[in-house]
Amino acid sequence: MQVRINDMVEVLAGEDRGVRGRVLSVDRTVGKVVVESVNVVVKHMRPTRQAKQGGRLSREMPIDISNVALVCPACGARTRCGARYLDDGTKVRFCKKCNANIGPIAPARARYAKKS
Ligand SMILES: [Zn+2]
C-alpha cells in the first residue's frame, strides 16, 4: 500500500474529488483511509456517559484507498511511490516522479546494508 498515516493525499473520485488532505488513519484490512476534512458527515449525537457533549458533530468517514493518490512532499505532484534500501539498510519510500526520499518505513537493518 502506498499510503500511510500523516501522508498528504489527493482525492480522485467522489464528492471531494480534487481535495488534498492529511491521512488520519488507514485500515489495511478493509482498504479504507480517513482523510482530514474529506467525506465529512454530520452526526447527531446525544450526550452520553462516553461523549459528554451532544449535538451535531462533524466527523470524517473512511473512503476507499483506491480513490486517493499520494502527494509527494518534495515536488507536490500526485505520484506513486516505490521502496528501496539506503546504504545503511534503512528502507525508505521514494517518489516515482522526482526520486525524492519520502521517509523511512523500516529501521536500518544490517542485512540490507550496502556491503563495503
Ligand atoms: Zn516527488
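Predicted model: local features only at pLDDT ≥ 70, side-chain atom pairs only at ≥ 80, totals over all residues.
User: Which residue in S2 does Met 8 stand opposite?

Analyst: Let's look at the pairing of S1 with strand S2, which covers residues 20–27. These strands run antiparallel and are joined by 3 bridges. Within S2, the residue opposite Met 8 is Arg 22.

User: What is the strand order in the open sheet of 6 strands?

Analyst: The pairing in this sheet is antiparallel. Its edges are strand S6 (63–64) and strand S8 (78–79), each of which pairs on one side only. S8 pairs with S7 over 2 bridges, where Leu 70 stands opposite Thr 79. Read across, the order is S6-S3-S2-S1-S7-S8.

User: By how many degrees are neighbouring strands turned, on average, in the open sheet of 3 strands?

Analyst: This sheet has the order S9-S10-S11 with antiparallel pairing. The edge strands are S9 (81–85) and S11 (101–106), each pairing on one side only.

User: Which residue in S11 is the bridge partner of Val 92?

Analyst: Good one to check in the viewer. Strand S10 spans residues 91–95 and pairs with S11 in the antiparallel sense, over 4 bridges. The partner of Val 92 in S11 is Pro 104.

User: What geometry does the site of the zinc ion have?

Analyst: The zinc ion is coordinated by the SG atoms of Cys 72, Cys 75, Cys 95 and Cys 98, at 2.2 to 2.3 Å. Along the chain, these donors follow the spacing C-x2-C-x19-C-x2-C. The angles among the 4 donor atoms run from 105 to 119 degrees. Four donors count as tetrahedral if all angles lie between 85 and 135 degrees, so the site is tetrahedral.

User: Is Cys 75 buried, partly exposed or exposed?

Analyst: Buried means under 20% relative accessible area and exposed means over 50%, with partly exposed in between. Cys 72, another zinc donor, has 2% and is buried. Cys 75 has 37% relative accessibility, so its class is partly exposed.

User: Is Asp 7 buried or exposed?

Analyst: Asp 7 sits in the segment before strand S1 (8–11). Leaving aside neighbours within four places in sequence, Asp 7 is in contact with Gln 2, Gly 21, Arg 22, Val 23, Leu 70 and Arg 93. Its relative accessibility is 8%, and the cut-off for that class is under 20%, so Asp 7 is buried.

User: What distance separates the centres of domain 1 and domain 2?

Analyst: The domain assignment of the chain gives domain 1 as 1–46 + 56–71 and domain 2 as 80–116. Across the two, 5 residues of domain 1 are in contact with 5 residues of domain 2. Taken over C-alpha atoms, the centres are separated by 26 Å.

User: How far apart are the C-alpha atoms of Val 26 and Gly 103?

Analyst: Val 26 has its place in strand S2. Beyond its neighbours within four places in sequence, Val 26 is in contact with several residues, including Val 3, Ile 5, Val 33 and Ile 65. Gly 103 is 77 residues away along the chain, and the C-alpha separation is 17 Å.

User: What is the phi of Ser 37?

Analyst: Most residues other than glycine have a negative phi. Ser 37 lies in the loop between strand S3 (32–35) and strand S4 (40–45), and its relative accessibility of 47% makes it partly exposed. Although Ser 37 is not a glycine, its phi is positive, at about 55 degrees.

User: Near what value is the phi of Asn 39?

Analyst: Asn 39 also lies in the loop between S3 and S4. With a relative accessible area of 27%, Asn 39 is partly exposed. Its phi is positive in a residue other than glycine, and the value is near 60 degrees.

Technical notes
Residues numbered from 1 in each chain as written. Heavy atoms only, no water. Donors = N, O, S within 2.8 Å, 3.2 Å for Na, K, Ca; no water. Tetrahedral: all angles 85-135°; square planar, octahedral: opposite > 155°, others 65-115°. Buried < 20%, exposed > 50% of the residue type's maximum accessible area, 1.4 Å probe, protein only. Pairing = 2+ DSSP bridges. Contact = heavy atoms within 4.5 Å. Domains from an automatic or database assignment.
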